[in-house]
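Here is a short tour of strand pairing and core packing for your next look at these coordinates. Please keep the viewer open as you read.

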Amino acid sequence: MNRRVSAIARSLLLFVSLLGTIAIGTAALAQHNPVPFVNQPLSPTSVAPGHAAFTLTVNGTGFASDAVVNWNGSARTTTFISSSQLQVAITAADVAYATTALITVANPSATDGASNALYFMVGASSSAVGFARIDIPVTLPSESYISGLAVADFNHDGKLDVAIATNGAATTVEVFLGNGDGTFQAPIVTNFSIAFYSLLVGDFNGDGNTDMAVASPEPNQSGGFESFLLYTLLGTGDGRFTLTGNGSVAGWPLVTGDFNADGDLDVVTIAADYEGINYYPAVSLGTGVGPFSGARRMVDIYAWGVPTVGDFNHDGRLDLVIPGRDYWGLTSDLYVFLGDGNGNFNSPILYPEPGHGDGFLNEGSSAAADINGDGYLDIVTTNLGVFLGNENGTFKQEPGVTVVGANVQLEGLQLADFNNDNKLDVVVMGNLGYPSEQQVVGLTLGNGNGTFQSSLNWAALDYSAYMAVGDFNGDGKLDMVAAGTEITDATIGETTLSLFLQTNFAISPAVLNFGTVNQGSSSTLISTLTNTGQGNESIESIQLIDGAGNYTESNNCGATLAPGASCAITVALTPKQGDALFSASVRITYGGALGSPQSILLTGSDIF
């Protein structure tokens with residue numbers, strides 16, 4: 001080979017090598033870290049106001065080496081331990097006063113930005129928990145009703161807001177911007193041309209604003225059963241939204257996560273086959289700009305519940321758990337899908353689950369967290385199931401606890417630390433079952449070892465259908481919000497947001513369910529009133545309301561209740577002839593503590 005040809009060859013080889021280097025570099029630049037996912041619990045979950053600086057441990061999946069932990073959206077000094085653990089320096093100034101912070105993790109090169117958010121409470125610990133219900137009437141367009149509820153900071157002011165979707169005569173999203181003191185501004189209303197249900201929050205286009213995935217109903221080809229199409233409401237950062245999506249993806253959105261680790265949030269949906277005979281979960285992959293791509297179908301499940309997400313087998317890939325039931329309704333199972341990191345899932349592993357429901361979205365909810373402190377994710381379900389996790393993604397079922405009452409349908413399960421004792425608790429919405437059908441929110445305090453205490457219940461409005469958790473008045477204690485519209489066969493009635501704010505006057509139980517008491521017999525139950533605050537609280541009156549002669553009430557409460565002190569309120573039910581269902585309440589009026597007056601709901605019957 002002459003020198004000229006040799007030089008050309010060397011030049012071509014150098015050029016090709018350079019192209020390869022550029023291609024490799026470009027590919028590397030184009031790669032994205034996954035959207036991180038944060039597990040409960042934080043360690044610790046809370047501290048008292050005035051605490052010294054400390055290190056907060058955050059566990060999860062998909063943490064990059066340069067991941068940053070955010071405290072209310074502001075970065076804190078973060079130490080990378082592994083792709084599943086970070087440690088962050090929290091300053092004394094961060095926890096000087098009572099507050100609740102939103103904790104998120106961001107991988108700098110993830111397209112869709114920060115992780116899901118967890119609450120960190122700066123508030124005093126307490127062995128007792130009490131809620132005062134405050135009802136807020138909502139005016140909707142005529143013949144419209146609530147079809148979804150979500151809680152987030154939609155306008156970036158550091159205060160939690162409440163969003164509702166409405167359906168019926170008009171479709172809107174109404175955002176009630178929070179004032180941070182348990183009150184809200186007049187709603188910001190966005191109108192839409194298509195109806196939809198469900199509000200699943202996430203930043204689906206990576207602009208830092210909270211978006212929502214929604215389900216829009218569409219009649220199927222037989223003209224009867226409604227299928228659902230997946231759309232996205234892109235947030236503008238001020239409480240308003242724009243609709244995106246072309247209606248090409250079927251499904252009702254249930255939960256989000258970056259299941260193929262490409263830096264874009266994906267959505268798990270549930271959809272129906274042609275005649276609505278079977279449901280099937282599917283993964284709709286995110287595009288990073290808002291809409292989602294076609295669904296990847298999984299196994300058929302005749303009835304289904306709300307799933308939960310986590311890395312259950314510690315392989316760095318997100319997995320999925322769904323409560324489900326077979327076609328005949330003979331068995332209820334927990335379907336555990338292990339992910340492959342590419343957006344696909346292996347065939348499910350089934351674990352028998354106690355109980356099942358009846359109707360649409362009827363298998364309740366599930367939530368994942370390390371509830372016994374062994375470093376492995378566990379699962380709690382609203383069908384009274386506790387599944388303790390092993391390192392390899394398998395589970396051991398443990399005896400559960402009756403949350404609210406036996407044999408009742410339960411929805412909206414969430415895990416959080418409500419009494420700031422660094423142990424996760426369970427909250428759900430359900431009802432007391434036939435014959436009263438009284439709607440309640442139920443809280444079971446966790447013991448930190450995978451077991452829970454007896455259920456504490458508070459009466460909700462009978463038409464409450466949705467529930468979410470957050471600290472709405474900034475006192476470092478988690479609250480709840482419930483919402484619903486009163487709908488009868490003939491009319492659509494009032495719509496109400498019910499705030500359950502934590503108060504220093506704890507009533508336990510706040511619902512006295514006497515069950516069936518035959519005429520000629522009597523039954524007695526006791527409720528305890530406790531002052532969990534730091535100062536004396538005055539009791540103005542304790543009064544039986546609407547007893548109709550079936551109930552009698554007595555108490556040993558004086559005019560003042562000292563800090564930590566308790567008194568007993570005793571109620572007896574003696575059914576009168578001619579009555580069948582006995583509903584009443586005991587109204588407690590007091591001064592000082594939040595939420596006066598509170599009521600103890602009384603319910604019972606002489607029928608089966």
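Let's begin with β10 and strand β38 (residues 492–502), which pair in the antiparallel sense over eight bridges. Within this predicted model, Asp135 of the pair stands opposite Ser498 in β38.

That pairing belongs to an open sheet of four strands, ordered β10-β38-β37-β36 and antiparallel in its pairing. β10 (131–138) and β36 (466–470) are the edge strands with a single partner strand each, so one side of each is left without a neighbour in the sheet. From one strand to the next, the twist averages 20 degrees.

Another antiparallel pair joins strand β13 (residues 171–176) to β14 over five bridges. Here Thr171 stands opposite Phe192 in β14.

| Pair | Bridges | Residues standing opposite |
|---|---|---|
| β10 and β38 | eight bridges | Asp135 and Ser498 |
| β13 and β14 | five bridges | Thr171 and Phe192 |

Now for the packing. The largest nonpolar core has 43 residues, and Phe418, Met480 and Ile588 have the most contacts inside it. Strand β46 (residues 581–591) supplies the largest share of this core, five residues. Leaving aside neighbours within four places in sequence, Phe418 is in contact with residues including Val129, Phe131, Leu443, Val469, Met480 and Gln502. A second, separate core of 24 residues includes Tyr197, Leu254, Ile270 and Ile322.

Conventions
Residues numbered from 1 in each chain as written. Predicted model: local features only at pLDDT ≥ 70, side-chain atom pairs only at ≥ 80, totals over all residues. Heavy atoms only, no water. Pairing = 2+ DSSP bridges. Helix = DSSP H or I, 4+ residues; strand = E, 2+ residues; numbered from the N terminus. Axes fitted to C-alpha atoms, helices over the stretch in contact; angles between N-to-C directions. Core = buried A, V, L, I, M, F, W, Y, C linked by side-chain atoms within 4.5 Å. Buried < 20%, exposed > 50% of the residue type's maximum accessible area, 1.4 Å probe, protein only. Contact = heavy atoms within 4.5 Å.
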